[in-house]
Amino acid sequence: PRSKMEERSSSIVWRFVLATLLVAATVEGMSSSETFWDGGYMDPNHDGCPRHIKVHGETAEVTGADGSDMPACPEGKPTTPWKLEGRIEDKTILVDFSPKGGPKDLLGKWVGDGIVWPDGNKWSKIPCADEATCSNTVV
């Protein structure tokens, strides 16, 4: 028969093993692309207008807003929100901008600190101040 001390030690070891497996499965289930795509971006072609990407597996939800009567989004002025769909593959994102009058399949490339689009425009990643800022979507 096992002593109470041996039973407790065995129980603690099994809990540790199960917790380790759970963490490993969670990390394995999250693609590395989710860690750098998710978040807010600055678009120099639309000054002050929000841009946000949230990755769900291989798909991406791209949200934002544009100025209602100009390309920029001055504080306090009305904006027009939009929501687009994209596909993630490693360090590229293919976004359907047709709902807002753009091309159907625009290919963006991750360059370490943002996304460069075919016209040379670069959406620069905004560092997150806190989890709430990072997880907010526009639409």
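Analyst: Counting contacts (heavy atoms within 4.5 Å) in the protein chain with a separation of 6 or more, 40% are between residues 24 or more positions apart. Keep in mind that this is a predicted model, where local features need pLDDT of at least 70, side-chain atom pairs count only at pLDDT 80 or more, and totals for chains, interfaces and linings use all residues. Residues are numbered from 1 along each chain as its sequence is written, and side-chain values use heavy atoms, with hydrogens and water left out.

The spot I'd pick is the disulfide (two cysteine sulfur atoms within 2.5 Å), and the structure holds one. Cys49 and Cys73 are the partners, with 1.9 Å from S to S. They tie together distant parts of the chain, 24 residues apart: Cys49 sits in the loop between strand 1 (39–42) and strand 2 (51–56), while Cys73 sits in the loop between strand 3 (59–67) and strand 4 (79–89). The torsion about their S-S bond is about 95°, so this disulfide is right-handed. Is each end buried or exposed? Cys49 is buried at 4% relative accessibility, and Cys73 is buried too, at 10%; buried means under 20% relative accessible area, exposed over 50%, and partly exposed in between (1.4 Å probe, protein chains only).

Now for the surroundings. The protein chain has three helices and eight strands, these being DSSP runs numbered from the N terminus (helices are H or I, at least four residues; strands are E, at least two). Read from the N terminus, the order is α-α-β-β-β-β-β-β-β-β-α. The eight strands close into a barrel in the order 1-2-3-4-5-6-7-8, with antiparallel pairing. From one strand to the next, the twist averages 30°, using lines fitted to C-alpha atoms and angles from 0 to 180 degrees between N-to-C directions. Strands count as paired when DSSP finds at least two bridges between them; strand 2 and strand 3 are joined by six and run antiparallel. In that pairing, Arg51 stands opposite Gly64 of strand 3.

Leaving aside neighbours within four places in sequence, Met42 is in contact with Lys122, Trp123, Ser124 and Ile126. Even so, Met42 counts as exposed, at 52% relative accessible area.

Trp123 also turns up in a cluster, where ring pairs link it with Tyr41, Trp82, Phe97 and Trp117. Rings of Phe, Tyr and Trp (its six-membered ring) pair if their centres lie within 6.5 Å; planes under 30 degrees apart are stacked, over 60 edge-to-face, and the rest tilted. The whole structure has eight aromatic pairs. One of them is Phe36 with Trp37, a tilted pair at 5.3 Å centre to centre and 35° between the planes. Phe36 is buried at 17%, and Trp37 is buried at 0%.

Most residues other than glycine have a negative phi. Asp90 is not a glycine, yet its phi is positive, about 55°. Asp90 is exposed, at 60% relative accessible area. For the protein chain as a whole, 29% of the 139 residues count as buried.
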